Amino acid sequence: MSDEPQIPETPEPEAARPEWRNFYGRRAGKTMRPSQKTYLSEDLDSLTPRGITREDNPEREIIDPASIFGNDNPIWLEVGFGGGEHLVHMCARYPQVNIIGCEPFINGVAMLLGKIREAGVTNIAVHPGDARDLMDVLPEGSIAKAFLNYPDPWPKRRHHRRRFVTQDHLVPLARCLQQGAEFRVATDIPSYMTQALREAPKAGFELTAHSGTAWDDWISTRYEQKALREGRTPDYATFRKP
Ligand SMILES: C[S@@+](CC[C@H](N)C(=O)[O-])C[C@H]1O[C@@H](n2cnc3c(N)ncnc32)[C@H](O)[C@@H]1O
């Protein structure tokens, strides 16, 4: 028997019902350490941009992303940062860039907050929720680079429509990206990469690189380490918004 939760399929494309959105991943996991609870209560609020959630911005008014950081530096986006190792690494490596990370899994958010304290990075904002809620309210062409590292694989064919590399996610992402912006995808699931290579161009992206060699500034993530331990092979694609 499947150990996946029995959740009904999406009855119609989300674009047809923008007020209604399914999220199939996990929002909370096992018990957190007391230190992680402290990070959440002390640090998260000041790192969280306003006007992203439906409760905070029911009219879905477009936000001013520069006001999040108080400067005009380029803004990058990481979707599903997991434990935050790549996100913090990129913030430390590129101090002249601001990065917004999205992650609905609160235990991952708590792990990120610990890493932010350790690294002392300040060019970071955290949306502890679905990236689609952020993309709704970002101005067109406001993001200079986007990362999708080891997205949820949804291995069963009938669940492939839940993957991030579907038009429901890629079209809003393309809208938020600047002309010439890079969109990086890393995965260890061959059918995921096949779907990304097929769907991203339909959403307006062009493929600029695809190989088993990671980017020069890559840091291996927790899910990549798990994939390597379990004998799977990382695969990396770079798209560009023309
Ligand atoms: C397999 S994990 C990979 C985490 C991390 N990027 C890594 O490589 O270790 C995928 C993550 O994407 C998050 N995720 C799934 N759908 C998302 C969405 N719509 N917006 C933001 N994050 C999402 C999940 O909660 C999960 O933590």
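Predicted model: local features only at pLDDT ≥ 70, side-chain atom pairs only at ≥ 80, totals over all residues.
Strands β1 and β4 pair in the parallel sense over four bridges; pairing here means that DSSP finds at least two bridges between two strands. Numbering starts from 1 along each chain as its sequence is written.

Let's stay with β4 for a moment. W76 has K145 of β4 as its bridge partner, and K145 in turn has E182 of β5 as its bridge partner. The chain gets from β4 to β5 through α6, and this β-α-β crossover is right-handed, meaning that with the strands pointing away from the viewer, the path from the first strand over the helix to the second runs clockwise. β4 and β5 (residues 177-187) run parallel and are joined by six bridges. Six of the seven residues of β4 are buried, so the strand is largely enclosed by the rest of the structure. Buried means that 20 or more other C-beta atoms lie within 10 Å of a residue's own, exposed means 12 or fewer, and partly exposed is in between, with C-beta atoms placed from the backbone.

G141 sits in the loop between α5 and β4 and is partly exposed, because it has 13 C-beta neighbours inside 10 Å. Setting aside neighbours within four places in sequence, G141 is in contact with L177, Q178 and Q179, where contact means C-beta atoms, placed from the backbone, within 7 Å. Follow the chain for 10 residues, from G141 to P151, and the C-alpha atoms are separated by 23 Å.

Y150 is buried, because 22 other C-beta atoms lie within 10 Å. Its backbone deserves a look too: phi of Y150 is near 50°, a positive value in a residue other than glycine. Most residues other than glycine have a negative phi. R60, also not a glycine, has a positive phi of about 55°; R60 is in the loop between α1 (34-47) and α2 (66-69).

What does UniProt place at E78, E103, D130 and D152? The unreviewed entry has the feature "binding site" there, though such annotations may be inferred rather than shown by experiment. These positions are spread over 75 residues of sequence, yet they cluster in space, with a largest C-alpha distance of 13.9 Å. E78 is in strand β1 (residues 75-79) and counts as buried, because it has 24 C-beta neighbours inside 10 Å. D152, in the loop between β4 and α6, is partly exposed, with 16 other C-beta atoms within 10 Å.

How values were computed. Helix = DSSP H or I, 4+ residues; strand = E, 2+ residues; numbered from the N terminus. Contact = placed C-beta atoms within 7 Å.
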